[in-house]
Every structure is written in structure tokens, then in C-alpha cells.
Amino acid sequence: MARRPSQQTVAVLTALGAQPGQWRYGYELGKEVGLKAGSLYPILMRLGDRGLLESTWETDAPPGRPPRHLYRLTAAGARAAAEVAPARPHAAPRPAGSAA
Amino acid sequence: MSPDRLLSWAVRQLPPRREEWGRAMQAELAALQPGAERWRFALSCTRAALTQPATAKWLPAALVVVGAVVLAAGIPVVSVRLEAFAMLVALAAVAWQARRMGPVADGRIARLVSAGSLALVAVAALVFVAGIRRSVPASASAQILVWTAMLSTYLVAATSLTARRTAVCGRALATGAAIGALAAAAWFAVVLLQPSLPTSNGPALLAIAVAAVAAGVQSRIAGLCAAASTALLIAVLIDGPLRLMSPWVATSAPPVYPPDMPYRLVDSIGVWLLGCLFAAALNLVLLRPARARLSRALAG
């Protein structure tokens, strides 16, 4: 990354980097890092634009509900998460959260 | 209003490249149980959608509306003031309806042409209302009616020309806009060297014709786009910068011809009307396939 990411971005990277292979969905990720959707989604968009985040759509959504968008870090994203995580180990509260 | 409808509206404001993120927000909302949390989530997502750099175009539009309302509120004649307000409401309604054609097409050219043409229409509306406020002409009612129709036609043309749904190819758009801008710039440059030129519509008509033919070689849409944009730019130049420059005086004010100011600008309404005709032709060409599809769908 060209410049130091914000504390909120670090929190998202750290949360995603804790379970690098697992797909996560936005609402629960926001709850985990303590960010509202209005802050979380722009961060996810920027991470996606920079190639640090990959996304897919839920394949086993129950009937009557549209599939959700799922996210996980790319290899570059995992490296970025590893770089920033030690510098700010307490960037955000991390209650136990799970993936979709 | 429900959280789903609010978010659905906000998501429609997103640029095409962010559509997937809009659907992601909607899917998350659909997974939430009814209650305050759904509203909080929808409001927060709405904020995210509307503050995206490419979405925040509503801010200049809001400033234009506020500016126009403030200008119209200062019109001294009550009946004309009310007609000016009606004009602004009509233009806002047309702009709102035109948005139903969908988001601006992908690509920098479409976004640039859309923003530029809408800005020109906004400037024209503000200049017109400011002129009425400064001096209410006897024909104010008729002028307001004509300008409402002209600016509405331009609004629809600007939106349909750059909407993704009408699928005007980027090359035609770029050719039309670039040749239109070049023709207007050439007219302006010549006018600065020869100040007697804008005292007649002739040179402006020539510039419009040359632009239409030059771009028309590429395609009919490019030709119409070039003609409409040349006329729009020249008309705005006559009504705006030239009136403020010392060698020229406006057609309507001061009422007495000052002998020390030899160059009296031509009334730009001819150029406006001609440009409007080209814009209307553009609308016919662009919207006919959409109407035909709708008719076929209704018949089938």
C-alpha cells in the first residue's frame, strides 16, 4: 500500500486476516470490527479496488432471500494484513465472529 | 417508505462499476430481521452510496436548485415570480424523469459529456432567471414558457445521449462532443479577434453547420450531437462571457444604444432554438428504439 491505512481499514484487514481462507459477509464483519455499514462498505470497495479483497456470492442462500456477497483477502491482502496487524494489535475489539 | 425502498433508491444512484456493491448491501438488508436494525443498516448503506465520489453529483445539482430558487424569489413581479418557480419545478421534474433512462454509461467520455452538458443547461437556467430578476420584460411569461421547453429538451438529450440504456457508442459521443467544442471554441476565438461577428447569427450558424457536417461523416448521432453542442456552447458564450466583456453590449440592456460601445450582441434566441431543434432530433433518434421495444413488449 502506498500510504498507511486508516485505523478502520486496519481493523477490517486484521479481522479478515485472522481467518484468511474463510469467506465472510458484510453485516457480521461490520459487527465484529465495530463499524457501521456506511463505513465498512467503502473500505471493502477500496480494498477490492486495490486487489486486496476478493468477493463471491453465496451459493446456498435459503429460499426467499437473495444470496449475500462474501469476502476474503487475496494473497496480496493477506500480506497487507500481516504487515499492518503487528503495528496495531488492538486496532478494534474482536469478539468471536464467524463466517457465513 | 421502507428500508428496502430507501436502499433501492440509493443503490440506483451508484455508478455502474459499483452496482455489485449495491446488490451486496441489498442482500445483506434482506437477511436482517424486521426492526430498527434494518433501518439503521439501510440508512448507513444509503450514506455510503450517496457519498461515493462518483455518486456525489447530487451536491452541485442541489446547489444549482437552491441558487435558482433564491434568484427566482427576488423577481419583483409576483406573477412572473410564480411562473419562474413553476419553470424550476418543471425542469426538476424533467431531470428526475430523465434519470429513469438509467445510469450514465461506462467510460470517461460519457461521464464528461453528461456532466458538461448538464452544467451548461444549469448555467443557462441560472443566467435566464437572473436576467428576468434584473429586468422583467413584458414578454416574461412567453419567455419562461419557451425556455422551459428548450432547457427540458436539452436535459432529455443530454441524459439520453449518455445513458447506458441508449448505448450510444463512445466514438460517436466523443466525435460529436469534441467537434462541437472545437467549433464553438473556434467561433469564440474568431469573435475575440473580430468583435463585429456576434452582432449577427450568421457566423454562429456557419459554425453549427460545419460541426454537424464534420461529425456527421462519422455517424448521424455524432452529427446531431456536434450541432446541438456547438449551438449550446455558442449561446451560453453570447449570454454569458461576451455580455461581461467591454467591447460588447447585450441586446436588451441598456435600452439606449450607447455610441461609444459599437458592438451590440445578437439576440441568442435563434441559436438557442436551432440547438434545441438538433437536441429534439437527437431525442427522436435515440428514444425511438426504446419506444418501439416498449410497444412490441406491450403488444406481445
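Predicted model: local features only at pLDDT ≥ 70, side-chain atom pairs only at ≥ 80, totals over all residues.
How many residue pairs are in polar contact between chain A and chain B, counting pairs with both at pLDDT 80 or more? I started my notebook with that one, and the count came out at 8 residue pairs.

**Entry 1: who does the touching**

I looked up which parts of chain A face chain B. Helix H2 (26-33), helix H3 (37-49), strand S2 (53-57) and strand S3 (69-73) of chain A each give two or more residues to that side. H3(A) has the largest share, with 8 residues. Sorted by class, this side of chain A has 12 nonpolar, 5 polar and 5 charged residues.

**Entry 2: contacts and area**

I found 22 residues of chain A in contact with 19 residues of chain B. The two chains bury about 1,800 Å² between them, and 66% of it is on carbon and sulfur atoms. Tyr27(A), Tyr41(A) and Met45(A) supply 36% of the area that chain A buries against chain B, more than any other three residues.

**Entry 3: salt bridges**

I counted 2 salt bridges between chain A and chain B. One of them pairs Lys31(A) with Glu37(B), whose closest N and O atoms are 3.4 Å apart.

**Entry 4: the cores**

Next I checked the largest nonpolar core, which has 48 residues. Among the members that touch the most others are Trp147(B), Trp187(B) and Ile234(B). H10(B) gives the most to this core, 9 residues. I then followed Ile234(B): leaving out residues up to four places away in sequence, Ile234(B) touches Ala184(B), Trp187(B), Ala204(B), Ala207(B) and Val271(B). There is also a second, separate core of 40 residues, including Ala15(A), Tyr41(A), Ala24(B) and Ala42(B).

Conventions:
Residues numbered from 1 in each chain as written. Chains lettered and ligands numbered in written order. Heavy atoms only, no water. Contact = heavy atoms within 4.5 Å. Buried area = accessible area lost by both parts, 1.4 Å probe. Salt bridge = Lys/Arg side-chain N within 4 Å of Asp/Glu carboxyl O. Polar contact = N/O pair within 3.5 Å; in protein donor to acceptor, adjacent residues only side chain to side chain. Helix = DSSP H or I, 4+ residues; strand = E, 2+ residues; numbered from the N terminus. Nonpolar A, V, L, I, M, F, W, Y, C, P; charged D, E, K, R; others polar. Core = buried A, V, L, I, M, F, W, Y, C linked by side-chain atoms within 4.5 Å. Buried < 20%, exposed > 50% of the residue type's maximum accessible area, 1.4 Å probe, protein only.
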